[in-house]
Amino acid sequence: MRLAARQIDCGRKVGIVASSDDLDVQPETPLLKDLEEGPWPSFVKEIKSAAETNGMSADLLQQLELSYKEKQGHWKHGGIVGVRGYGGGVIGRYSDLPEKFPEVRHFHTLRVNQPAGWFYSSDAIRTICDIWERHGSGLTNMHGATGDIILLGTTTEELEPAFNELTAAGFDLGGSGSAMRTPSCCVGEGRCEWSCYDTMKLSYDLTQAYQDEMHRPAFPYKFKIKCSGCPNDCVASIARSDLAVIGTWKDEIQQDDEAVAEYAASGVDIQRDVCDHCPTRAMSWDGRHLTIRNEDCVRCMHCINVLHKALRPGKEQGAVILVGAKAPIVQGALLASVLVPFVRKEELLDTLKELLSRIWDFWGEYGNNRERVGEMIQRLGLANFLDGIGLDPVPQMVSEPRDNPYIYAHDIGGAK
Amino acid sequence: MSEVIPAKRITDIGPPHYEKYLHPVIKRNYGKWRQHENLAPGVLCHVAESGERIYTVRAGSPRLLGVKTLRDFADLADKFSEGYLRFTSRNNVEFLLAKEENIAPLKAELVSLGFPVGGTNNSISNIVHTQGWVHCHSAATDASGIVKAVMDALYDRFTHEDLPAKLRIALACCLNMCGAVHCSDIAILGVHRTPPKIQHDALRKVCEVPTLIASCPTGAIRSATVGGNASVEVVEEQCMFCGNCYTVCPAMPMNDPECDGISIWVGGKVSNARSEPKFSKLAIPFIPNNPPRWPEVVEAVVNIVEVYAKSARKYERVGEWIERIGWPKFFELTGIEFTRYHIDDFKNAGLTFARSTHIRY
């Protein structure tokens, strides 16, 4: 199967099109066909639909069928491809059977930075579709794991034209490689009453502030930032980001006693469903009045989640900043841990910029190649990391003090 | 380079500003939301301090979307939601409606196009997943196919909110975990089970030996001279098949059709609600790849979901339920065999040994 030349079709410039003769003789894909059945929407239908007009998607389907038959993948490693002046944003991908599937000989992916909160207008969606129909497979992921719009599969030659059209339309590439990765955030103040700071604005501002760090990899390894508006953490920042910003509050939960009574009257068992689940037993219910001992509250969100019309986060809002989460590779998975227990929402952006500059300086100096910040902290010790970035230790940073007496106490004062 | 460089090349502009994609109701009430109501599975209503309302209709998607479907979504947005839509962190599509009367016809059109409405509150939302054989070099299994098969079986759990709590499933096709499945109620994880096959000739040309040696978490890769050239050897007893060496060096392929497969993990969460966030723990060490529908994986996941649905108390996530009943009971109720592979032997393994006489029989 060969590519037809660039054509003009219905006023739309069509870049990568298989001639219809070729597509007519595509072999059946019996294994994948099975996945067109069933109630859940089918990715196979999506690939097939793209394959009707796109040679790449047609060969992708055939190669995938072979993978299903042989129970193994057929993609080779990346290799360095990209757009001019950028060191990231494109994931190189090549078929390991280029003679058999020539249309996916190159099948590179563009990571396109999503609008904060994944909000779109219908026109924005159509713009992306038009560009990707002209320059790639016509297949996307909405969205990739880090948050980007994933434009799945194109050739090396199409990268630069696709990029030029994307930037002309107001879009830019996201991060890849040992760089700052595309920040992402929950819907936040856009449509949630629990958000304790403006997640979309923070995510957008950080993204704009660090375009160079995103597009030109200069770190020891990847660095992810995720912004969640409350401790429910809808973007999984505590599990997935090197720097997690999770909204919280410092003062008392806002409580509407009448609304609590309405919940009780409507059949909610306040004792069983709310008080008994409180992790610090900070609530009591006497059948008429809910009492919250706010000094014992750890701001977990359970009571607010259940009684959402009666309870709200407090008014003194801001965020906890945590550091060091990652998936298993290399030294094992880590959850993020507290770095700054509370920053007022008005001071978040400036505080984060200052922190990031110190963290990146220290990590750039002491981090090993392919060592995430969290792993570096494990290796060097949190206390040394704090010294390195100039933060004082506070008890909120640990679940408990050390229980082993092997203390590197070289500089404890008062030694004689 | 003979290519003509355009006069003005646009770079480093970052993403478009989100504000231009916000529904006017959202723009007017940004940061001033008072409360929400759950109208039906997949349908939410957010009420602002001003009294204005925005309705959300959420539908599941396969994440891998062609331009045709995306244009269908755009058309639906024009027809029912003033041209505004968004996607969620779990790859659902959401339409944001100003008019309540548009909810029913939008739902009807979504369902007729094959996109189920649901995924809110105590349902099973969409499965976050990776690329698998569709686009990845290190995949030990496919991603989209298993997700499709599992969600076909759990379809009613997406469209209903009748579980004790929300239940989040994630799939990653290898230990790299692009899908970061390590904190999910149920995680489906592709695993390799054979050491890398070293291609000494290629290695010499495409890999950096020190980087390769450093990539191994267990120190199983050592430098070696092979045929007079610098290369490496693998101490196979020390290899736990993570595939990190292959990520840094293409001459260390891991793929093996017969030995690659799936493991199942349970009890993780990221939310801070009630209990602290926690990692998923091993439930089933290995299930062979069985495309196109991986029936054994589907059966295993459905079994865990059904046992949980029956045994957990209201608001208990899978991990919280297991902590209450204890792991012995979890293995008993699910009928999953406990094996030597369930006992951790990596760093800090001792922290997971039972270090008390608090035992359930």
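Trainee: Which residues gather in a patch of negative charge on the surface?

Mentor: Four of them do, and bear in mind that this is a predicted model. Asp256(A), Asp257(A), Glu258(A) and Glu262(A) form the negative patch.

Trainee: Where is Asp257(A) found?

Mentor: Look at helix α10 of chain A, residues 257-265. Asp257(A) sits in that helix.

Trainee: Is Asp257(A) buried, partly exposed or exposed?

Mentor: Start with the cut-offs. Under 20% relative accessible area is buried, over 50% is exposed, and in between is partly exposed. Asp257(A) has 37% relative accessibility, so it counts as partly exposed.

Trainee: Now salt bridges. How many are there over all chains?

Mentor: First, the idea. A side-chain nitrogen of Lys or Arg must lie within 4 Å of a carboxyl oxygen of Asp or Glu. By this rule there are 40 salt bridges over all chains.

Trainee: Which side chain meets Arg84(A) in a salt bridge?

Mentor: That of Glu160(A), with 3.9 Å from N to O.

Trainee: How do Arg84(A) and Glu160(A) count by accessibility?

Mentor: Arg84(A) has 29% relative accessibility, so it is partly exposed. Glu160(A) has 11%, so it counts as buried.

Trainee: What is the N to O distance between Arg344(A) and Glu346(A)?

Mentor: It is 3.5 Å, and their side chains meet in a salt bridge. Arg344(A) is partly exposed at 38% relative accessibility. Glu346(A) is exposed, with a relative accessible area of 55%.

Trainee: Turn to chain B. Which residue forms a salt bridge with Arg157(B)?

Mentor: Glu306(B) does, and the closest N and O atoms are 2.9 Å apart. Arg157(B) lies in helix α5 (residues 155-159) and Glu306(B) in helix α9 (residues 295-311), both of chain B, so this pair ties together parts 149 residues apart in sequence.

Trainee: Is Arg157(B) buried or exposed?

Mentor: Buried, because its relative accessible area is 15%.

Trainee: Which residues are linked with Asp34(A) in a network of salt bridges?

Mentor: Read the chain letters as you go. Lys148(B), Asp152(B) and Arg293(B) are linked with Asp34(A) in that network.

Technical notes. Residues are numbered from 1 along each chain as its sequence is written. Chains are lettered from A and ligands numbered from 1 in the order in which they are written. This is a predicted model: local features need pLDDT of at least 70, side-chain atom pairs count only at pLDDT 80 or more; totals for chains, interfaces and linings use all residues. Side-chain values use heavy atoms; hydrogens and water are left out. Patches are made of residues with over 30% relative accessible area and no salt bridge: like charges are joined within 9 Å, nonpolar side chains (Val, Leu, Ile, Met, Phe, Trp, Tyr) within 5 Å. Accessible areas come from the Shrake-Rupley method with a 1.4 Å probe; for residues, only the protein chains shown count as cover. Lys and Arg count as positive and Asp and Glu as negative; His and the chain ends are not counted. The place of a charge is taken as NZ of Lys, CZ of Arg, CG of Asp or CD of Glu. Helices (H or I, at least four residues) and strands (E, at least two) are DSSP runs, numbered from the N terminus. Buried means under 20% relative accessible area, exposed over 50%, partly exposed in between (1.4 Å probe, protein chains only).
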